[in-house]
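Subject: Handing over the structure

Hi,

Here is the structure I promised to pass on to you. Have a look around it first, then read my notes below.

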Amino acid sequence: MTEREQELIRLAEEEVEKNKEVVESDPYRLRYHLMPPVGLLNDPNGFIQWNGTYHLFYQWMPFKTGHGAKFWGHYSSEDLVNWKHEPIALAPSEWFEKNGCYSGSAVEHDGKMILFYTGNVKDADGNRETYQCMAVSEDGVTFDKKGPVVELPEGYTAHFRDPKVWKKGSDWYMVVGAQSEDLTGKVALLKSADLVKWEHLGAIAGSGMNGLGDFGYMWECPDLFELDGVDVLIASPQGLEADGMKYQNVYQAGYFFGKLDYENAIFEHGDFVELDRGFEFYAPQTTLDEKGRRLMVGWMGVPEQDEDKHPTIKHRWIHALTLPREMKWADGKLLQVPVEELALIRKDQLIEKSDLQLSDVGVGLDVGKSKSFELSLSFEKNVVSFELDWSDTVQLTFDASESVFSLHRKSFVTGEWESRSCRLQVLAELRVYVDSSSIEVFLNGGEEVFTARMFPDESVSGVVTLSGDGTVGELGVWELEG
């Protein structure tokens with residue numbers, strides 16, 4: 001480790017210690033989600049299970065609640081729910097990364113954990129250079145930087161970042177989020193036999209390709225994997241125009257499914273489908289664990305979307321990661337299910353009911369003083385209408401006559417109600433995770449998901465109100481603790 005890297009890490013650690021009290025005094029601090037110890041968190045990075053332990057890194061700016069020259073923060077866990085904050089993995093200390101160790105991924109090779117990440121470099125005039133870099137660890141905690149292994153291929157601007165690496169047969173492959181010279185978003189595919197020398201095979205997806213038409217000026221954080229015989233490409237396009245209920249956030253995150261022809265570097269795929277319909281979800285990353293599960297974590301935030309107005313900023317921190325989700329493929333759709341290990345954070349069952357008849361009057365469920373809980377319910381028959389209200393800040397609604405499910409929240413910017421919605425033919429099952437200042441909603445076994453930050457008034461009553469037209473077959477509410 002160079003002197004410059006040691007100095008940057010020391011300064012970051014001092015920032016954590018200096019602000020610890022003010023950060024932890026925030027009533028909006030989450031209980032069972034991963035957050036930065038101070039400053040700004042964004043993309044999840046390097047998600048891997050290595051030697052039986054889960055490692056999850058994240059983009060981190062420790063010195064302010066805005067973006068800048070990012071570090072890699074680092075969490076580890078044996079069970080996906082109890083996390084340990086590890087020493088800083090990467091600091092932007094070298095010439096090839098001086099303006100940020102940007103997003104990337106992790107693989108295991110020869111018993112070592114190997115990180116791939118983007119080294120971001122800017123000159124005095126703001127001109128950008130980009131390098132895909134490698135760092136190696138034998139203990140999963142300290143990393144030896146090897147420097148750039150991929151320089152910018154022809155045909156792209158310097159917006160070329162976020163390498164995701166995997167092995168297929170005896171070869172390694174990498175997808176990189178990119179912008180072509182005609183200023184359209186792309187995903188580039190590269191190949192290597194040794195993880196060091198990489199061959200650029202070309203763009204396999206992007207704006208103007210595979211029948212997409214105009215589809216954004218930059219695609220970030222790509223991830224390509226096989227799930228039940230289908231190849232899935234996740235990407236985060238920037239520059240999509242809102243289209244009805246779709247693409248309502250500043251930037252999007254979603255997936256394509258199809259088949260990648262590795263030999264010819266051609267990816268035939270279907271339509272783009274948003275992964276999450278809520279207000280805050282971006283830059284997800286997946287990994288395959290030792291149980292054979294495809295797991296995903298996303299950033300519970302969106303770049304440039306009122307980031308400077310989050311109430312947590314006065315406590316000198318901002319943003320969090322989503323709960324870990326298991327990805328499943330069923331009936332031509334990607335499902336997201338909260339990992340089964342989350343049952344470990346159930347503290348007390350607050351409520352258990354069955355055969356609950358809904359009406360316009362509403363049924364109040366007293367969750368006490370708990371600001372962190374899980375609510376799970378299923379319906380006996382097709383529900384006609386449904387409404388869930390919590391803390392005068394969040395409302396969930398379903399209207400079968402319109403086939404629309406919506407999440408409504410009070411804006412933390414204006415105080416006015418705002419909504420995100422999706423088409424939903426039937427509402428059969430609902431799981432809600434509330435955590436102080438966040439909500440994650442899973443519908444029909446993960447058919448649709450809504451993720452959002454919300455900031456309730458501390459004085460509101462601890463009552464969840466259910467109303468509508470239908471019968472709840474089974475209902476359970478659990479207090480959760482981190």
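Strands (E, at least two residues) and helices (H or I, at least four) are DSSP runs, numbered from the N terminus. Both Lys 164 and Asp 223 are buried. Buried means under 20% relative accessible area, exposed means over 50%, and partly exposed is in between (1.4 Å probe, protein chains only).

Before you go on: this is a predicted model, where local features need pLDDT of at least 70, side-chain atom pairs count only at pLDDT 80 or more, and totals for chains, interfaces and linings use all residues. Residues are numbered from 1 along each chain as its sequence is written, and side-chain values use heavy atoms, with hydrogens and water left out.

Arg 277 and Glu 448 make one of them, at 2.9 Å from N to O. Arg 277 is in the loop between strand E17 (273-274) and strand E18 (282-288), while Glu 448 is in strand E32 (residues 448-453), so here the parts tied together are 171 residues apart in sequence. Arg 277 counts as buried at 15% relative accessibility, and Glu 448 does too at 7%. There is also a network: Asp 289, Lys 291, Arg 293, Glu 340 and Glu 341 are joined by salt bridges that share partners.

Lys 246 is partly exposed at 33% relative accessible area, and Asp 243 is partly exposed at 43%.

**The nonpolar cores**

Which residues touch the most other members of the largest nonpolar core? They are Phe 47, Leu 56, Phe 71, Leu 80, Trp 83, Leu 342 and Tyr 433, out of 42 residues. (A nonpolar core is a set of buried Ala, Val, Leu, Ile, Met, Phe, Trp, Tyr and Cys residues joined through side-chain atoms within 4.5 Å.) Among the elements that each supply at least two residues are helix H1 (3-24), strand E1 (39-50) and strand E34 (471-480). A second, separate core has 36 residues, including Val 394 and Met 454.

**A buried histidine**

His 33 lies in the loop between H1 and E1 and is buried, with a relative accessible area of 6%. Its side chain makes a polar contact with the side chain of Asp 435 at 2.7 Å, and another with that of Glu 440 at 2.5 Å. (A polar contact is a pair of N or O atoms within 3.5 Å; within protein, one must be able to donate a hydrogen and the other to accept it, and residues adjacent in sequence count only if both atoms are side-chain atoms.)

**A sheet to trace**

Finally, follow the open sheet of six strands, in the order E23-E34-E25-E30-E31-E32, with antiparallel pairing. (Two strands pair if DSSP finds at least two bridges between them.) Strand E23 (346-357) and E32 are at the edges with a single partner strand each, so one side of each has no neighbour in the sheet. Inside the sheet, E25 (residues 372-379) and E30 (residues 429-435) pair over seven bridges, and Glu 374 stands opposite Tyr 433 in E30.

Conventions: Salt bridge = Lys/Arg side-chain N within 4 Å of Asp/Glu carboxyl O.
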